[in-house]
Amino acid sequence: METTKEREQNQTNLSSVERKEVRHSQMTNENIRELLEMLDNPDAYTDQEIQDIINRDEDTCDTYSLMVEAKRSSRHRQNRKSVDVDAAWQRFNQKRQSKQHGFDWMKIAVFFIGALLVSGITFAAIHIIRQYQRTGVPQNDITENVTQTTTTIPVDTLTKDTVTVQPVIYDNIPLEKMLPEIAVHYNVKVVFVNNESRQLRFRFVWNPQQGIDQVISDLNQFERLTITRKDNQITVE
Amino acid sequence: MLEQRILEDLFRRNYSEMNHLAMVLLGDDKEAEDVVQDIFLRVADSDIPPKNDTYLLSAVRNACLNRIRQMKLHDKVKGLMPIEDEVDLQPIDKQFEWLDDIAAYVDGQMDEPHRSIFHLRFDEDLTVSEIARRLGLNPNTSYKYLMQSIQKIKHHLEKH
(Lines give C-alpha, C1' and ligand atoms only; values in the text may rest on other atoms or scores of the structure.)
Protein backbone atom coordinates (compact mmCIF):
# COMPACT_ATOMS: atom_id res chain seq x y z
CA MET A 1 0.00 0.00 0.00
CA GLU A 2 1.39 3.37 -1.07
CA THR A 3 1.71 5.82 1.83
CA THR A 4 1.01 9.53 1.49
CA LYS A 5 4.70 10.29 1.83
CA GLU A 6 5.54 7.84 -0.97
CA ARG A 7 2.81 9.28 -3.19
CA GLU A 8 4.14 12.80 -2.68
CA GLN A 9 7.64 11.53 -3.41
CA ASN A 10 6.40 9.83 -6.61
CA GLN A 11 4.65 12.99 -7.71
CA THR A 12 7.76 15.09 -7.19
CA ASN A 13 9.67 12.54 -9.24
CA LEU A 14 7.24 12.97 -12.18
CA SER A 15 8.28 15.23 -15.00
CA SER A 16 6.16 18.32 -15.65
CA VAL A 17 4.68 16.63 -18.77
CA GLU A 18 3.67 13.59 -16.73
CA ARG A 19 2.19 15.79 -14.00
CA LYS A 20 0.15 17.59 -16.64
CA GLU A 21 -1.11 14.25 -17.95
CA VAL A 22 -2.11 13.10 -14.48
CA ARG A 23 -3.93 16.38 -13.86
CA HIS A 24 -5.67 16.16 -17.25
CA SER A 25 -6.77 12.59 -16.56
CA GLN A 26 -8.14 13.57 -13.13
CA MET A 27 -10.05 16.49 -14.65
CA THR A 28 -11.49 14.30 -17.39
CA ASN A 29 -12.68 11.76 -14.83
CA GLU A 30 -14.31 14.52 -12.79
CA ASN A 31 -16.04 15.90 -15.89
CA ILE A 32 -17.32 12.47 -16.93
CA ARG A 33 -18.50 11.80 -13.39
CA GLU A 34 -20.37 15.12 -13.51
CA LEU A 35 -21.91 14.06 -16.86
CA LEU A 36 -23.13 10.75 -15.41
CA GLU A 37 -24.59 12.53 -12.37
CA MET A 38 -26.39 15.01 -14.60
CA LEU A 39 -27.82 12.19 -16.76
CA ASP A 40 -29.24 10.57 -13.62
CA ASN A 41 -31.29 13.68 -12.87
CA PRO A 42 -31.43 16.15 -15.80
CA ASP A 43 -34.39 18.04 -14.27
CA ALA A 44 -32.07 19.45 -11.62
CA TYR A 45 -30.08 21.31 -14.31
CA THR A 46 -30.83 24.22 -16.63
CA ASP A 47 -30.41 23.92 -20.41
CA GLN A 48 -27.23 25.96 -20.22
CA GLU A 49 -25.76 23.77 -17.46
CA ILE A 50 -26.54 20.62 -19.46
CA GLN A 51 -24.86 22.05 -22.57
CA ASP A 52 -21.83 23.12 -20.51
CA ILE A 53 -21.45 19.72 -18.87
CA ILE A 54 -21.70 17.74 -22.11
CA ASN A 55 -19.38 20.08 -24.01
CA ARG A 56 -16.93 20.60 -21.13
CA ASP A 57 -14.11 18.93 -23.07
CA GLU A 58 -13.61 16.52 -25.96
CA ASP A 59 -13.54 13.39 -23.78
CA THR A 60 -16.81 14.26 -22.05
CA CYS A 61 -18.44 15.06 -25.36
CA ASP A 62 -17.18 11.73 -26.81
CA THR A 63 -18.45 9.90 -23.73
CA TYR A 64 -21.95 11.32 -24.23
CA SER A 65 -21.87 10.31 -27.93
CA LEU A 66 -20.79 6.80 -26.92
CA MET A 67 -23.64 6.61 -24.44
CA VAL A 68 -26.04 7.59 -27.25
CA GLU A 69 -24.66 4.71 -29.32
CA ALA A 70 -24.79 2.34 -26.35
CA LYS A 71 -28.46 3.21 -25.83
CA ARG A 72 -29.18 2.65 -29.53
CA SER A 73 -27.36 -0.65 -29.35
CA SER A 74 -29.52 -1.66 -26.39
CA ARG A 75 -32.74 -0.75 -28.27
CA HIS A 76 -31.45 -2.54 -31.37
CA ARG A 77 -30.87 -5.73 -29.37
CA GLN A 78 -34.08 -5.54 -27.37
CA ASN A 79 -36.41 -4.78 -30.28
CA ARG A 80 -35.65 -7.61 -32.62
CA LYS A 81 -39.13 -9.02 -32.05
CA SER A 82 -41.22 -9.72 -35.15
CA VAL A 83 -43.80 -7.10 -36.06
CA ASP A 84 -47.41 -7.82 -37.02
CA VAL A 85 -47.30 -6.27 -40.49
CA ASP A 86 -50.96 -7.12 -41.23
CA ALA A 87 -52.12 -5.11 -38.22
CA ALA A 88 -49.71 -2.28 -39.11
CA TRP A 89 -51.09 -2.21 -42.68
CA GLN A 90 -54.63 -1.93 -41.32
CA ARG A 91 -53.69 0.88 -38.96
CA PHE A 92 -51.96 2.67 -41.83
CA ASN A 93 -55.08 2.42 -44.02
CA GLN A 94 -57.24 3.78 -41.20
CA LYS A 95 -54.92 6.75 -40.79
CA ARG A 96 -54.90 7.29 -44.54
CA GLN A 97 -58.68 7.29 -44.73
CA SER A 98 -59.12 9.63 -41.77
CA LYS A 99 -56.56 12.00 -43.29
CA GLN A 100 -58.42 11.90 -46.62
CA HIS A 101 -61.75 12.64 -44.92
CA GLY A 102 -60.19 15.42 -42.89
CA PHE A 103 -58.81 16.89 -46.08
CA ASP A 104 -62.23 16.73 -47.79
CA TRP A 105 -63.85 18.53 -44.85
CA MET A 106 -61.12 21.15 -44.94
CA LYS A 107 -61.79 21.76 -48.64
CA ILE A 108 -65.51 22.19 -47.95
CA ALA A 109 -64.79 24.50 -45.00
CA VAL A 110 -62.40 26.62 -47.10
CA PHE A 111 -65.07 26.85 -49.84
CA PHE A 112 -67.76 28.03 -47.39
CA ILE A 113 -65.46 30.54 -45.69
CA GLY A 114 -64.55 31.92 -49.10
CA ALA A 115 -68.20 32.15 -50.14
CA LEU A 116 -69.15 33.86 -46.86
CA LEU A 117 -66.31 36.33 -47.23
CA VAL A 118 -67.28 37.27 -50.79
CA SER A 119 -70.97 37.66 -49.90
CA GLY A 120 -70.01 39.70 -46.80
CA ILE A 121 -67.93 42.12 -48.86
CA THR A 122 -70.71 42.42 -51.47
CA PHE A 123 -73.30 43.07 -48.77
CA ALA A 124 -71.09 45.73 -47.14
CA ALA A 125 -70.53 47.48 -50.48
CA ILE A 126 -74.27 47.55 -51.30
CA HIS A 127 -75.02 48.76 -47.78
CA ILE A 128 -72.54 51.67 -48.03
CA ILE A 129 -73.87 52.78 -51.43
CA ARG A 130 -77.49 52.62 -50.24
CA GLN A 131 -76.66 54.68 -47.15
CA TYR A 132 -75.14 57.39 -49.30
CA GLN A 133 -78.12 57.35 -51.64
CA ARG A 134 -80.53 57.69 -48.69
CA THR A 135 -78.70 60.75 -47.30
CA GLY A 136 -79.20 62.41 -50.71
CA VAL A 137 -75.61 63.25 -51.37
CA PRO A 138 -75.04 64.18 -55.03
CA GLN A 139 -73.80 61.39 -57.25
CA ASN A 140 -70.32 62.82 -57.80
CA ASP A 141 -69.88 63.29 -54.02
CA ILE A 142 -70.87 59.69 -53.42
CA THR A 143 -68.15 58.52 -55.69
CA GLU A 144 -65.68 60.72 -53.91
CA ASN A 145 -66.75 59.54 -50.45
CA VAL A 146 -66.69 55.90 -51.40
CA THR A 147 -63.23 56.33 -52.79
CA GLN A 148 -62.14 58.04 -49.59
CA THR A 149 -63.64 55.26 -47.44
CA THR A 150 -61.77 52.57 -49.30
CA THR A 151 -58.49 54.47 -49.35
CA THR A 152 -58.58 55.25 -45.63
CA ILE A 153 -58.38 51.51 -44.84
CA PRO A 154 -54.67 50.68 -44.71
CA VAL A 155 -53.58 48.37 -47.50
CA ASP A 156 -52.01 45.97 -44.98
CA THR A 157 -55.28 45.57 -43.11
CA LEU A 158 -57.16 44.80 -46.28
CA THR A 159 -54.63 42.23 -47.37
CA LYS A 160 -54.55 40.58 -43.95
CA ASP A 161 -58.32 40.40 -43.57
CA THR A 162 -59.04 39.02 -46.98
CA VAL A 163 -56.11 37.07 -48.37
CA THR A 164 -53.08 36.74 -46.11
CA VAL A 165 -54.87 35.38 -43.05
CA GLN A 166 -56.14 32.37 -45.00
CA PRO A 167 -53.69 29.48 -45.24
CA VAL A 168 -52.56 28.75 -48.76
CA ILE A 169 -52.64 25.11 -49.86
CA TYR A 170 -50.02 24.02 -52.35
CA ASP A 171 -51.03 20.63 -53.62
CA ASN A 172 -48.58 18.86 -55.89
CA ILE A 173 -46.98 22.15 -56.96
CA PRO A 174 -43.26 22.11 -57.91
CA LEU A 175 -41.02 23.63 -55.26
CA GLU A 176 -39.56 26.08 -57.79
CA LYS A 177 -43.02 27.63 -58.16
CA MET A 178 -44.17 27.37 -54.55
CA LEU A 179 -41.11 28.64 -52.67
CA PRO A 180 -40.55 31.91 -54.57
CA GLU A 181 -44.22 32.81 -53.95
CA ILE A 182 -43.77 32.25 -50.23
CA ALA A 183 -40.39 34.02 -50.23
CA VAL A 184 -41.91 37.22 -51.67
CA HIS A 185 -44.15 37.47 -48.62
CA TYR A 186 -41.12 37.45 -46.31
CA ASN A 187 -38.99 39.52 -48.66
CA VAL A 188 -36.28 36.88 -48.96
CA LYS A 189 -34.42 35.46 -51.95
CA VAL A 190 -34.48 31.74 -52.93
CA VAL A 191 -31.41 29.88 -54.17
CA PHE A 192 -31.66 26.27 -55.44
CA VAL A 193 -28.36 24.43 -55.07
CA ASN A 194 -29.40 21.65 -57.44
CA ASN A 195 -32.02 21.28 -60.13
CA GLU A 196 -33.45 18.07 -58.70
CA SER A 197 -34.96 19.88 -55.73
CA ARG A 198 -36.71 22.37 -58.02
CA GLN A 199 -39.06 19.66 -59.26
CA LEU A 200 -40.01 18.26 -55.85
CA ARG A 201 -43.74 18.28 -55.28
CA PHE A 202 -45.53 18.23 -51.95
CA ARG A 203 -48.80 18.97 -50.36
CA PHE A 204 -47.97 21.92 -48.15
CA VAL A 205 -50.25 24.22 -46.20
CA TRP A 206 -48.64 27.64 -45.82
CA ASN A 207 -49.92 29.91 -43.09
CA PRO A 208 -48.65 33.41 -43.96
CA GLN A 209 -49.12 34.46 -40.33
CA GLN A 210 -46.29 32.14 -39.32
CA GLY A 211 -42.73 33.45 -39.26
CA ILE A 212 -40.29 32.48 -42.00
CA ASP A 213 -38.27 30.24 -39.66
CA GLN A 214 -41.36 28.25 -38.69
CA VAL A 215 -42.25 27.82 -42.38
CA ILE A 216 -38.70 26.60 -43.12
CA SER A 217 -38.89 24.21 -40.19
CA ASP A 218 -42.22 22.83 -41.50
CA LEU A 219 -40.78 22.39 -44.99
CA ASN A 220 -37.74 20.60 -43.58
CA GLN A 221 -40.11 17.89 -42.35
CA PHE A 222 -40.11 16.57 -45.92
CA GLU A 223 -37.29 14.10 -45.92
CA ARG A 224 -35.94 14.95 -49.35
CA LEU A 225 -35.66 18.61 -48.51
CA THR A 226 -33.10 20.65 -46.60
CA ILE A 227 -33.70 24.37 -46.46
CA THR A 228 -31.53 26.85 -44.59
CA ARG A 229 -31.80 30.60 -44.17
CA LYS A 230 -29.04 33.13 -43.81
CA ASP A 231 -30.19 36.73 -43.49
CA ASN A 232 -32.36 37.42 -46.52
CA GLN A 233 -31.52 34.31 -48.48
CA ILE A 234 -33.09 30.85 -48.41
CA THR A 235 -30.95 28.01 -49.76
CA VAL A 236 -32.53 24.76 -50.95
CA GLU A 237 -30.28 21.70 -51.04
CA MET B 1 -51.31 8.70 -56.67
CA LEU B 2 -49.51 5.38 -56.29
CA GLU B 3 -51.36 2.18 -57.22
CA GLN B 4 -52.69 0.42 -54.08
CA ARG B 5 -51.08 -2.91 -55.01
CA ILE B 6 -47.61 -1.35 -55.38
CA LEU B 7 -48.06 0.56 -52.13
CA GLU B 8 -49.07 -2.54 -50.19
CA ASP B 9 -46.14 -4.48 -51.60
CA LEU B 10 -43.71 -1.73 -50.57
CA PHE B 11 -45.29 -1.51 -47.13
CA ARG B 12 -45.17 -5.25 -46.44
CA ARG B 13 -41.61 -5.56 -47.71
CA ASN B 14 -40.17 -2.65 -45.75
CA TYR B 15 -42.34 -1.96 -42.71
CA SER B 16 -40.50 -4.15 -40.18
CA GLU B 17 -37.07 -2.78 -40.93
CA MET B 18 -38.28 0.82 -41.13
CA ASN B 19 -40.14 0.49 -37.84
CA HIS B 20 -37.10 -1.10 -36.21
CA LEU B 21 -34.80 1.73 -37.33
CA ALA B 22 -37.26 4.36 -36.08
CA MET B 23 -37.55 2.52 -32.78
CA VAL B 24 -33.75 2.36 -32.38
CA LEU B 25 -33.44 6.08 -33.04
CA LEU B 26 -36.49 7.35 -31.14
CA GLY B 27 -36.98 4.71 -28.44
CA ASP B 28 -40.75 5.00 -28.56
CA ASP B 29 -43.10 2.50 -30.26
CA LYS B 30 -45.84 5.00 -30.99
CA GLU B 31 -43.54 7.66 -32.40
CA ALA B 32 -41.71 5.06 -34.48
CA GLU B 33 -44.97 3.88 -36.07
CA ASP B 34 -46.04 7.47 -36.62
CA VAL B 35 -42.83 8.26 -38.53
CA VAL B 36 -43.17 5.20 -40.76
CA GLN B 37 -46.86 5.82 -41.45
CA ASP B 38 -46.15 9.46 -42.41
CA ILE B 39 -43.53 8.30 -44.90
CA PHE B 40 -45.95 5.83 -46.50
CA LEU B 41 -48.64 8.54 -46.63
CA ARG B 42 -46.26 10.66 -48.69
CA VAL B 43 -45.29 7.67 -50.84
CA ALA B 44 -49.00 6.97 -51.41
CA ASP B 45 -49.59 10.55 -52.58
CA SER B 46 -46.72 10.53 -55.05
CA ASP B 47 -47.04 9.24 -58.60
CA ILE B 48 -43.84 7.24 -58.75
CA PRO B 49 -42.61 4.64 -56.22
CA PRO B 50 -39.28 5.27 -54.42
CA LYS B 51 -36.17 4.34 -56.40
CA ASN B 52 -35.21 1.57 -53.96
CA ASP B 53 -35.85 0.27 -50.47
CA THR B 54 -32.74 2.01 -49.08
CA TYR B 55 -34.42 5.29 -49.92
CA LEU B 56 -37.24 4.43 -47.51
CA LEU B 57 -34.78 3.70 -44.70
CA SER B 58 -32.98 6.99 -45.33
CA ALA B 59 -36.35 8.72 -45.18
CA VAL B 60 -36.98 7.10 -41.79
CA ARG B 61 -33.62 8.20 -40.46
CA ASN B 62 -34.08 11.78 -41.69
CA ALA B 63 -37.58 11.99 -40.25
CA CYS B 64 -36.35 10.64 -36.88
CA LEU B 65 -33.43 13.08 -36.79
CA ASN B 66 -35.88 15.90 -37.53
CA ARG B 67 -38.06 14.83 -34.62
CA ILE B 68 -35.05 14.61 -32.31
CA ARG B 69 -33.94 18.08 -33.47
CA GLN B 70 -37.30 19.46 -32.36
CA MET B 71 -37.22 17.83 -28.93
CA LYS B 72 -36.47 19.85 -25.79
CA LEU B 73 -32.92 19.46 -24.49
CA HIS B 74 -34.08 17.80 -21.26
CA ASP B 75 -36.05 15.19 -23.19
CA LYS B 76 -33.07 14.55 -25.43
CA VAL B 77 -30.72 13.80 -22.54
CA LYS B 78 -33.35 11.76 -20.71
CA GLY B 79 -33.66 9.52 -23.77
CA LEU B 80 -29.93 9.62 -24.51
CA MET B 81 -30.49 11.27 -27.89
CA PRO B 82 -27.85 13.27 -29.76
CA ILE B 83 -27.98 16.91 -28.69
CA GLU B 84 -26.28 18.23 -31.83
CA ASP B 85 -27.03 17.45 -35.47
CA GLU B 86 -25.25 14.27 -36.46
CA VAL B 87 -22.81 14.83 -39.29
CA ASP B 88 -20.99 12.22 -41.39
CA LEU B 89 -23.83 9.72 -41.10
CA GLN B 90 -22.80 6.16 -41.92
CA PRO B 91 -24.86 4.04 -44.32
CA ILE B 92 -27.70 2.46 -42.34
CA ASP B 93 -26.49 -1.13 -42.71
CA LYS B 94 -23.07 -0.05 -41.37
CA GLN B 95 -24.77 1.69 -38.47
CA PHE B 96 -26.60 -1.53 -37.58
CA GLU B 97 -23.32 -3.49 -37.82
CA TRP B 98 -21.76 -0.98 -35.42
CA LEU B 99 -24.63 -1.43 -32.95
CA ASP B 100 -24.36 -5.23 -33.27
CA ASP B 101 -20.64 -4.93 -32.58
CA ILE B 102 -21.23 -3.00 -29.35
CA ALA B 103 -23.83 -5.56 -28.20
CA ALA B 104 -21.54 -8.50 -29.08
CA TYR B 105 -18.62 -6.92 -27.22
CA VAL B 106 -20.66 -6.24 -24.08
CA ASP B 107 -22.09 -9.76 -23.91
CA GLY B 108 -19.05 -11.64 -25.20
CA GLN B 109 -16.03 -9.83 -23.82
CA MET B 110 -16.98 -7.46 -21.02
CA ASP B 111 -16.32 -8.78 -17.50
CA GLU B 112 -18.59 -8.58 -14.48
CA PRO B 113 -19.69 -6.35 -12.86
CA HIS B 114 -19.16 -4.03 -15.86
CA ARG B 115 -21.53 -6.08 -18.05
CA SER B 116 -24.36 -6.05 -15.49
CA ILE B 117 -23.87 -2.35 -14.85
CA PHE B 118 -23.99 -1.67 -18.59
CA HIS B 119 -27.27 -3.60 -18.98
CA LEU B 120 -28.89 -2.00 -15.93
CA ARG B 121 -27.94 1.50 -17.13
CA PHE B 122 -28.79 1.15 -20.82
CA ASP B 123 -31.42 -1.61 -20.95
CA GLU B 124 -33.33 -0.76 -17.79
CA ASP B 125 -32.51 2.96 -17.55
CA LEU B 126 -31.54 2.72 -13.88
CA THR B 127 -29.64 5.57 -12.25
CA VAL B 128 -26.25 4.90 -10.75
CA SER B 129 -27.70 4.96 -7.20
CA GLU B 130 -30.34 2.40 -8.24
CA ILE B 131 -27.66 0.23 -9.84
CA ALA B 132 -25.60 0.45 -6.66
CA ARG B 133 -28.57 -0.65 -4.56
CA ARG B 134 -29.46 -3.47 -6.97
CA LEU B 135 -25.91 -4.86 -6.98
CA GLY B 136 -25.10 -4.06 -3.36
CA LEU B 137 -22.26 -1.75 -4.33
CA ASN B 138 -21.10 1.62 -3.10
CA PRO B 139 -22.45 4.42 -5.44
CA ASN B 140 -18.90 5.71 -5.98
CA THR B 141 -17.76 2.26 -7.05
CA SER B 142 -20.76 2.00 -9.40
CA TYR B 143 -19.83 5.33 -11.03
CA LYS B 144 -16.29 4.08 -11.47
CA TYR B 145 -17.45 0.81 -13.07
CA LEU B 146 -19.89 2.59 -15.39
CA MET B 147 -17.14 4.97 -16.53
CA GLN B 148 -14.86 1.98 -17.10
CA SER B 149 -17.58 0.15 -19.10
CA ILE B 150 -17.90 3.12 -21.43
CA GLN B 151 -14.12 3.43 -21.73
CA LYS B 152 -13.86 -0.27 -22.57
CA ILE B 153 -16.38 0.11 -25.40
CA LYS B 154 -14.51 3.17 -26.63
CA HIS B 155 -11.21 1.29 -26.75
CA HIS B 156 -12.85 -1.69 -28.44
CA LEU B 157 -14.40 0.50 -31.14
CA GLU B 158 -11.11 2.34 -31.68
CA LYS B 159 -9.39 -0.98 -32.32
CA HIS B 160 -11.94 -1.85 -35.02
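This is a predicted model: local features need pLDDT of at least 70, side-chain atom pairs count only at pLDDT 80 or more; totals for chains, interfaces and linings use all residues.
Let's start where the chains meet. Which helices of chain B are involved?

Now zoom in on one helix pair. α4(A) packs on α5(B) at about 90°, and the axes are 9 Å apart. Angles from 65 to 115 degrees count as roughly perpendicular, so α4(A) is roughly perpendicular to α5(B). From α4(A), look for A:Glu69, A:Ala70, A:Arg72, A:Ser73, A:His76 and A:Arg77. They meet B:Phe96, B:Leu99, B:Ile102 and B:Ala103 in α5(B). By class, the residues of this contact are five nonpolar, two polar and three charged.

Next, the cores. A general point: in soluble globular proteins, nonpolar side chains tend to be buried together. Here, the largest nonpolar core has 27 residues. Which residues have the most contacts inside it? They are A:Leu35, A:Leu36, B:Ile117, B:Val128 and B:Leu146. From chain A, α2, α3 and α4 each supply at least two residues of this core. The largest share, five residues, comes from α8(B). Take A:Leu36. Leaving out residues up to four places away in sequence, A:Leu36 touches B:Val128, B:Tyr143 and B:Leu146. There is also a second, separate core of 23 residues. Among its members are B:Tyr15, B:Leu56, B:Ala59 and B:Cys64.

One stop in chain B before we move on. The peptide bond from B:Glu112 to B:Pro113 is cis, with omega near 5°. B:Pro113 sits in the loop between α5 and α6 of chain B.

On to chain A as a whole. Chain A has 10 helices and five strands. Of its 237 residues, 13% count as buried. Take the contacts in chain A with a separation of 6 or more: 58% of them join residues 24 or more positions apart.

Now the sheet. Three strands of chain A form an open sheet in the order β2-β5-β4, with mixed pairing. β2 and β4 of chain A are at the edges, each with a single partner strand, so one side of each has no neighbour in the sheet. On average, neighbouring strands are turned by 25° against each other, ignoring direction. β2(A) and β5(A) pair in the parallel sense over four bridges. Within that pair, A:Val191 stands opposite A:Thr235.

Which helices go with these strands? α8 of chain A packs on the sheet, touching β2 and β5 of chain A, and its direction makes about 155° with that of β2(A). α10 of chain A lies across β4 and β5 of chain A, at about 160° to β4(A).

Last, two loop residues of chain A. A:Asn187 has phi near 60°, positive though the residue is not glycine. You will find A:Asn187 in the loop between α8 and β2 of chain A. Buried or exposed? A:Asn187 is exposed, with 8 other C-beta atoms within 10 Å. A:Asp231 also has a positive phi, about 55°, and is not a glycine. A:Asp231 lies in the loop between β4 and β5 of chain A. A:Asp231 is exposed as well, with 7 other C-beta atoms within 10 Å.

Key
Residues are numbered from 1 along each chain as its sequence is written. Chains are lettered from A and ligands numbered from 1 in the order in which they are written. Two strands pair if DSSP finds at least two bridges between them. Axes are lines fitted to C-alpha atoms, for helices over the stretch in contact, and angles run from 0 to 180 degrees between N-to-C directions. Two residues are in contact if their C-beta atoms, placed from the backbone, lie within 7 Å. A residue is buried if 20 or more other C-beta atoms lie within 10 Å of its own, exposed if 12 or fewer, and partly exposed in between; C-beta atoms are placed from the backbone. A nonpolar core is a set of buried Ala, Val, Leu, Ile, Met, Phe, Trp, Tyr and Cys residues joined through C-beta atoms within 7 Å. Angles under 35 degrees count as roughly parallel, over 145 as roughly antiparallel, 65 to 115 as roughly perpendicular and the rest as oblique. Ala, Val, Leu, Ile, Met, Phe, Trp, Tyr, Cys and Pro count as nonpolar, Asp, Glu, Lys and Arg as charged, and the others, Gly among them, as polar.
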